[in-house]
Amino acid sequence: MYFVMLGAPGAGKGTQADLLSEELGFPHIASGDLFRQNLEKQTELGLLAKAYMQKGGLVPDEVTIKMILERIAAPDCDSGCLLDGFPRTLGQAEALDEAFAVQGRNVDRAIYIHVPSEVLVKRLGGRWICRKCQATYHIIASPPKVKGKCDRCGGELYQRADDVEETIRERLRVFFEQTSPIIDFYREQGKLVEVDGDKDIQEVTRDVLSALAEEK
Ligand code: AP5
Ligand code: MG
Ligand code: ZN
């Protein structure tokens with residue numbers, strides 16, 4: 001099964017994809033994480049992406065599509081995966097469908113997590129990420145056991161450079177302008193599963209799983 005996670009910045013795509021990955025047994029592939037890992041390693045791709053990410057804009061389709069298609073061609077995605085942060089433009093959604101069609105695969109479900117804008121801003125302001133394994137924490141909703149340290153791997157926690165007010169506002173604007181049309185793209189294909197993301201983390205996971213079970 002191939003899943004696409006949709007939602008505004010801070011909706012909980014990464015948090016839910018991590019939990020669903022454990023529950024369903026498919027790898028969690030996040031375009032933003034791949035760009036950040038490249039940036040940590042100072043690769044050409046990472047440095048190119050940085051210029052866009054810093055401003056809250058989108059990395060060009062050409063580069064992003066190539067990166068994701070290469071990643072999902074790896075054997076761990078042979079029976080499925082959870083895509084988080086991709087596709088983000090209609091061009092990316094169409095490119096994914098085209099690549100999948102050649103391989104006899106298709107996007108099975110697009111899970112859209114919706115959350116009110118004022119909640120998104122609070123979530124992003126309190127988010128901390130593990131530098132090593134990308135696990136996500138929130139100072140109030142899901143704090144680490146030891147301050148500044150990852151529960152999972154002991155790695156150092158940091159705040160993303162794009163989690164500052166001005167950039168958060170730009171990311172939200174870009175989401176509504178460029179990414180929200182994809183919601184209708186999947187709705188028209190009968191693939192959209194909508195979930196209220198303004199609940200406890202575990203409750204949202206339960207709602208996603210029961211919505212997926214109902215759709216079967
Ligand atoms: P990306 O990394 O994808 O960022 P984003 O879309 O802005 O989304 P976030 O990761 O900020 O939010 P999330 O929905 O994953 O929320 P999370 O689970 O962390 O992209 C970053 C940049 O990379 C883009 O701006 C762009 O430049 C570039 N990029 C990436 N993909 C691209 C693409 N396809 N095309 C072009 N450019 C691309 O949760 C947020 C916080 O809330 C956490 O602290 C979490 O603990 C907390 N939380 C989560 N759920 C709950 C809950 N239910 N209740 C309370 N708190 C919660
Ligand atoms: Mg994320
Ligand atoms: Zn970690």
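Of the 36 residues around ligand 1, five come nearest: Thr15, Gly57, Arg88, Arg127 and Arg171. Keep in mind that this is a predicted model.

Start with the polar contacts of ligand 1. Gly57 uses its backbone: an N or O atom there lies 2.5 Å from an oxygen atom of the ligand. Arg127 uses its side chain, and a polar atom of that side chain lies 2.6 Å from an oxygen atom of ligand 1. Arg171 also brings a polar side-chain atom to 2.6 Å from an oxygen atom of ligand 1. How much of ligand 1 does the protein cover? On its own, ligand 1 has 1,000 Å² of accessible area, and the protein covers 96% of that.

Now look at what builds the shell. Which element gives the largest share of the shell? Helix H2 does, with four residues. Sorted by class, the shell around ligand 1 holds 14 polar, twelve nonpolar and ten charged residues.

Stay with helix H2 for a moment. Ser31 is found in this helix. Is Ser31 buried or exposed? Its relative accessible area is 3%. Buried means under 20%, so Ser31 counts as buried.

Next, find the zinc ion, which is ligand 3. Which protein atoms are its donors? They are the SG atoms of Cys130, Cys133, Cys150 and Cys153. These atoms lie 2.3 to 2.4 Å from the zinc ion. Along the chain, the donors follow the spacing C-x2-C-x16-C-x2-C.

What is the geometry of the zinc site? The angles among the four donor atoms run from 97 to 115°. Four donors count as tetrahedral if all angles lie between 85 and 135 degrees. The zinc site is therefore tetrahedral.

Cys133 has a relative accessibility of 28%. Buried needs under 20% and exposed needs over 50%, so Cys133 falls in between and counts as partly exposed.

Notes: Residues numbered from 1 in each chain as written. Chains lettered and ligands numbered in written order. Predicted model: local features only at pLDDT ≥ 70, side-chain atom pairs only at ≥ 80, totals over all residues. Heavy atoms only, no water. Donors = N, O, S within 2.8 Å, 3.2 Å for Na, K, Ca; no water. Tetrahedral: all angles 85-135°; square planar, octahedral: opposite > 155°, others 65-115°. Buried < 20%, exposed > 50% of the residue type's maximum accessible area, 1.4 Å probe, protein only. Near = heavy atom within 4 Å. Polar contact = N/O pair within 3.5 Å; in protein donor to acceptor, adjacent residues only side chain to side chain. Areas by Shrake-Rupley, 256 points an atom, 1.4 Å probe, with all protein chains shown as cover. Helix = DSSP H or I, 4+ residues; strand = E, 2+ residues; numbered from the N terminus. Nonpolar A, V, L, I, M, F, W, Y, C, P; charged D, E, K, R; others polar.
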